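Here is a short briefing on one protein chain. Look over the sequence and the fold, then read the points below by topic.

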Amino acid sequence: MPDVRQTARERLARERGVTTKDWGNRIPQLTFEVIRAVDTLEELEVMGRRMANNLYDMSGFGPKDVNVKHVYDGFSPMVWEWVEAFGFCDYGEAPTWCQPENIGLGKANVLNASGGNLGNGRIHGFSHVLETAMQMMGTAGERQIANPKAAVCETGPFNSASCFSCTND
């Protein structure tokens with residue numbers, strides 16, 4: 001299994017016997033291959049669901065318990081993938097579920113209360129971490145979700161994602 005801490009450039013250099021002192025001369029001649037993590041949308045869905053199930057197994061609560069929801073939205077379609085993976089809606093229902101009348105502030109399923117990456121800059125999930133903390137501490141001001149009990153925060157795209165959960169207990 002490849003060392004995930006290595007970049008593609010480092011791994012290819014090692015495989016081809018190039019040392020770091022040679023990088024300036026030889027690396028540009030290397031051809032870079034696409035590193036396949038998953039092939040299909042179905043595999044991405046399985047991976048996302050596995051991550052969500054692991055999170056719920058460790059936290060002791062499930063999607064119905066979560067009232068603070070933040071998912072990565074660096075690209076709009078990713079929102080659909082994550083709300084389905086975390087079980088906030090069934091597979092195939094995300095386009096309908098993710099409508100302002102359902103996910104807007106003050107609605108039944110507030111999602112990305114701060115506006116998310118699309119609303120405040122694409123900084124790879126940090127805004128979700130910050131907003132989750134503010135919501136759980138009750139310091140989100142006019143964006144504050146009433147009575148925050150359990151949160152799920154997912155911070156990355158498809159196959160490089162991370163997530164955490166927290167409660168007010």
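Leucine 130 counts as partly exposed, because its relative accessibility is 41%, which falls between the 20% and 50% cut-offs. The model is predicted. The chain has 8 helices and 3 strands. Buried residues make up 38% of its 169 residues.

**Overall layout**
- Along the sequence, the elements follow the pattern α-α-α-β-α-α-α-α-α-β-β.
- Residues are numbered from 1 along the chain.

- Leucine 130 sits in helix H8, which spans residues 126–137.

**Salt bridge**
- How many salt bridges does the structure hold? The structure holds 1.
- Glutamate 131 and arginine 143 form a salt bridge, with their closest N and O atoms 2.8 Å apart.
- This pair links distant parts of the chain, 12 residues apart. Glutamate 131 is in helix H8, while arginine 143 is in the loop between H8 and strand E2 (150–154).
- Side chains of opposite charge can pair when their charged atoms come close.
- Is glutamate 131 buried or exposed? Glutamate 131 counts as buried, because its relative accessibility is 2% and the cut-off for buried is under 20%.
- Arginine 143 has a relative accessible area of 23%, so this residue is partly exposed.

**Second largest pocket**
- The volume of the second largest pocket is about 170 Å³.
- Which helix gives the most to its lining? Helix H4 (residues 76–85) does, with 4 residues.
- The lining includes Ser76, Pro77, Val79 and Trp80.
- Also among the lining residues are Asp73, Cys98, Ile103, Leu111, Asn112, Gly115 and Leu118.
- By class, the lining has 7 nonpolar, 3 polar and 1 charged residues.
- Rolling a probe the size of a water molecule over the atoms shows where empty space is left.

**Aspartate 169**
- Where is aspartate 169? Aspartate 169 lies in the segment after strand E3 (163–167).
- Aspartate 169 counts as exposed, because its relative accessibility is 92% and the cut-off for exposed is over 50%.
- Aspartate 169 and alanine 150 are 19 residues apart in sequence. In space, their C-alpha atoms are 8.8 Å apart.

Notes
Predicted model: local features only at pLDDT ≥ 70, side-chain atom pairs only at ≥ 80, totals over all residues. Heavy atoms only, no water. 1 Å grid on protein atoms, 1.4 Å probe; cavity = no way out; pocket = protein on both sides within 12 Å on 5 of 7 lines; lining within 4 Å. Points joined across faces, edges and corners; volume = space filled by probe spheres on them. Helix = DSSP H or I, 4+ residues; strand = E, 2+ residues; numbered from the N terminus. Nonpolar A, V, L, I, M, F, W, Y, C, P; charged D, E, K, R; others polar. Buried < 20%, exposed > 50% of the residue type's maximum accessible area, 1.4 Å probe, protein only. Salt bridge = Lys/Arg side-chain N within 4 Å of Asp/Glu carboxyl O.
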